[in-house]
Amino acid sequence: MNRSEITEKLNTIFPTVFNKPGLSITESLTASDVDGWDSLTHMILISEVEKSFGITFKLKELNKMKNVGDMIEIIASKL
Amino acid sequence: MEILLRKAGPTDYPFLAETIINAEKSGGQTLTYTTIFGIAEEKAKDYIIQMLDEEIEHCEFSAEAFLIAESDGKAVGAVCCWIEAADGIASSILKGNLLRHTLPKDNFEKAIRLGPIISELHMEYEAGSIQVGLVYVTEAARGKGLVKRLLDGKISELRTGDQHVYIQVFGNNAAAIRAYEKYGFATVAQKTAIHPEINAYMPSDTKLLMKLNTATGYEPI
């Protein structure tokens, strides 16, 4: 799965988790860009991403994700 | 009462967990670990100790963010402050990562439907600012100016320029709000959740953002 396929899949997860149907992600998107991206929603987001891609993140990996681009990078490394 | 201010170490973790639980309760009885995740208070303490032990910096579960007030070899107070997003990641995200890593899966799966209710009260933290996570003084050590000593000490350690200093506090916690106002904080924003279930899960339906007047509020040491 390449980066654009990963992005496409994430684009189905993000709008659902944040309950924002029009939300479209970019690699530079961070938590502060999305209203309601707090600790609990973040926990839900990470769980949905893991479930959807069939992967598991390590705490260290999660704490390196500064934006969606970093997330895509780490997902790609696990597929 | 001779007071020594010092950094926190692993033997302080049970005390730090107590201060975190106390701050979470916000002067009332509602503990979000129980209402949101279904975890009893004693068990929540164990999980908090595990999170402190991960040594993740720049969030409310960071042992390095704490300064301890000690009297006769016993911890009698603590303050927790960090530089927001010092490594480019918001403290709320670090907190979410730690909770998810530590709490049993069943517990946070239960919390998923609460996301939209809880996030109504989320207030953005200003990157680069100094965030006060909590200030706690044991009952026996109150009335001796420890809140001021702890805040002066920790803010001095972190403040290298003219960073803003903020604290977020629930609207129900009148005693804490008074103490922060006395120190020099003033309310600059507030958020009230409208979801009817909010009071079942959070200590209050209102959260205040207080900002420190650094010209008059704190004395660098």
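**Interface of chain A and chain B**

About 2,100 Å² is buried between chain A and chain B, with 65% of this from carbon and sulfur atoms; buried area is the accessible area (1.4 Å probe) that two parts lose on being put together, summed over both. A:Leu40, A:Met43 and A:Leu59 lose the most area in chain A, together 30% of what that side buries. This is a predicted model, in which local features need pLDDT of at least 70 and side-chain atom pairs pLDDT 80 or more, while totals for chains, interfaces and linings use all residues. Side-chain values use heavy atoms, without hydrogens and water; residues are numbered from 1 along each chain as its sequence is written, and chains are lettered from A and ligands numbered from 1 in the order in which they are written.

**Contacts**

- Chain A has 21 residues in contact with 27 residues of chain B (contact means heavy atoms within 4.5 Å).
- There is 1 salt bridge between chain A and chain B (a side-chain nitrogen of Lys or Arg within 4 Å of a carboxyl oxygen of Asp or Glu).
- A salt bridge joins the side chains of A:Glu50 and B:Arg100, at 2.3 Å from N to O.

**Chain A side**

- α2 (39-53) and α3 (59-62) of chain A each supply at least two residues of the side that touches chain B (helices are DSSP runs of H or I, at least four residues, numbered from the N terminus).
- α2(A) gives the most to this side, with 9 residues.
- By class, the side of chain A that touches chain B has 9 nonpolar, 7 polar and 5 charged residues (Ala, Val, Leu, Ile, Met, Phe, Trp, Tyr, Cys and Pro count as nonpolar, Asp, Glu, Lys and Arg as charged, and the others, Gly among them, as polar).
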